[in-house]
Amino acid sequence: MNKLSQVIKANNINTAFLTAALFERWVEQLPYGKTGLSYLTVGGDVLNPVSASRLYQKDPTIKLFNGYGPSENTVFSTFFHVPEAVDSRYAISLGSPLDNTYAYVLDKEQRLLPVGAPGELYLAGDGLANGYYENQAQTDDKFIECQLRPGGNKRKLYKTGDQVFWNQSGTLNMLGRVDNQIKLRGFRIEPGELERALECHPDVNHAAAILHCDEQGKKLIAFVSGGLPSKIAETNGIMKKFLKARLPHYLVPSLVIGIEDIPLTVNGKVDRNALKEYSIASALSAIPATELASPSTETEEKLLSIWINEIKNQSIGVECNFFDLGGDSLSATRLVSVINQELNISLALNQVFEHQTIKELAQYIDVNFRNTTEAMESLVF
């Protein structure tokens, strides 16, 4: 990365284009002061808002642009001037279409969607390719003829696979890849949302999330690189506490693993297949027995007994997560039914999703059903 900065300054380069992954690593090692660049465009993948903010902190004179465009609609399709006041909590806008380029946000039936409604991005215009060389099947799948308005002419569009929505300002915001979406416990999860939240932590440089499947079911696993503790349990505890204060429960991963660096493909994008090869089972087993903490209240004891019978697992502590243990929406429904019957309460199903450990659920029950539980305890003969 130092070599890149040296080349820029030695050759008086004032305008450059970098892929998103290369940009992030360059910014990390960039010293404070002028970079030598007047204009920098980043593309090829999602632009990390944290890295964009770091660039402006190190060189406030530079102008940063987010360039978006698949090769099928060469070269860029949309462009956005990234403001200096970057809010790292949100994805950076893709901007608006360039001249002679057209962008449409369509639903699954390929109907136009209004401002604010999420849908798939389709592109058209002078830069649109004819199709894929000697691959008619893929061409027919991605390049479609579509009548956007009743009575209008059909036009050729490219189906990007990117989920976006229009802002009131007339710019596009990226939500993620349609094919990267994860369905877990009845929720549709966009890994990018979790990754952006992780990268807001001051000790995290990069993050990536995957869906891990094993004999106990599906788990959302996150990987982070940066200045984090070397011990898996410490990193996991720090990051999950950080995420729980910022994300809905279904977006908090089962495990956060600290690694030296997030692997990239030869195209400079996150190599999720390489992450799936990581020994996640051993990482899960490295979480210490503190999660097998014994119950300290009568409600915790009752819930522990119910969980053991429902999950068929004797190794459960009051801080274990129901869904990490293999629970799903169906078993959660059965669990609530048994809890309501044995404790004589009217616990709602959503409370298992909101309070995923025995300790959290017991506290909720004791606070909201105190009179009922006390009455049950007084009936002991």
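Two strands are taken to pair if DSSP finds at least two bridges between them, and helices (H or I, at least four residues) and strands (E, at least two) are DSSP runs, numbered from the N terminus. The structure is a predicted model, in which local features need pLDDT of at least 70 and side-chain atom pairs count only at pLDDT 80 or more, while totals for chains, interfaces and linings use all residues. Residues are numbered from 1 along each chain as its sequence is written, and side-chain values use heavy atoms, with hydrogens and water left out.

Five strands, in the order β1-β2-β3-β4-β5, make up an open sheet of mixed pairing. Its edges are β1 (15-19) and β5 (96-97), each of which pairs on one side only. Strand β4 (residues 78-82) runs antiparallel to β5 and is joined to it by 2 bridges. Thr-78 stands opposite Pro-97 of β5.

Helix α2 (residues 20-29) lies across β1, β2 (39-43) and β3 (63-68), at about 110° to β1. Helix α3 (residues 49-58) lies across β2, β3 and β4, and runs at about 155° to β3. Axes are lines fitted to C-alpha atoms, for helices over the stretch in contact, and angles run from 0 to 180 degrees between N-to-C directions. Between α2 and α3 the packing angle is about 40°, and their axes are 10 Å apart. The two helices are therefore oblique to each other (angles under 35 degrees count as roughly parallel, over 145 as roughly antiparallel, 65 to 115 as roughly perpendicular and the rest as oblique). Contact (heavy atoms within 4.5 Å) is made by Phe-23, Glu-24, Trp-26, Val-27 and Glu-28 of α2 with Ser-51, Ala-52, Arg-54, Leu-55 and Lys-58 of α3.

The loop between β3 and β4 contains Glu-72. This residue is buried, with a relative accessible area of 16% (buried means under 20%, exposed over 50%, partly exposed in between, with a 1.4 Å probe and protein chains only). Leaving aside residues up to four places away in sequence, Glu-72 touches Gly-127, Leu-128, Ala-129, Tyr-132, Phe-143 and Tyr-158. Glu-72 and Tyr-158 are 86 residues apart along the chain, with their C-alpha atoms separated by 7.4 Å. Their side chains make a polar contact (3.4 Å); such a contact is a pair of N or O atoms within 3.5 Å, where within protein one must be able to donate a hydrogen and the other to accept it, and residues adjacent in sequence count only if both atoms are side-chain atoms.
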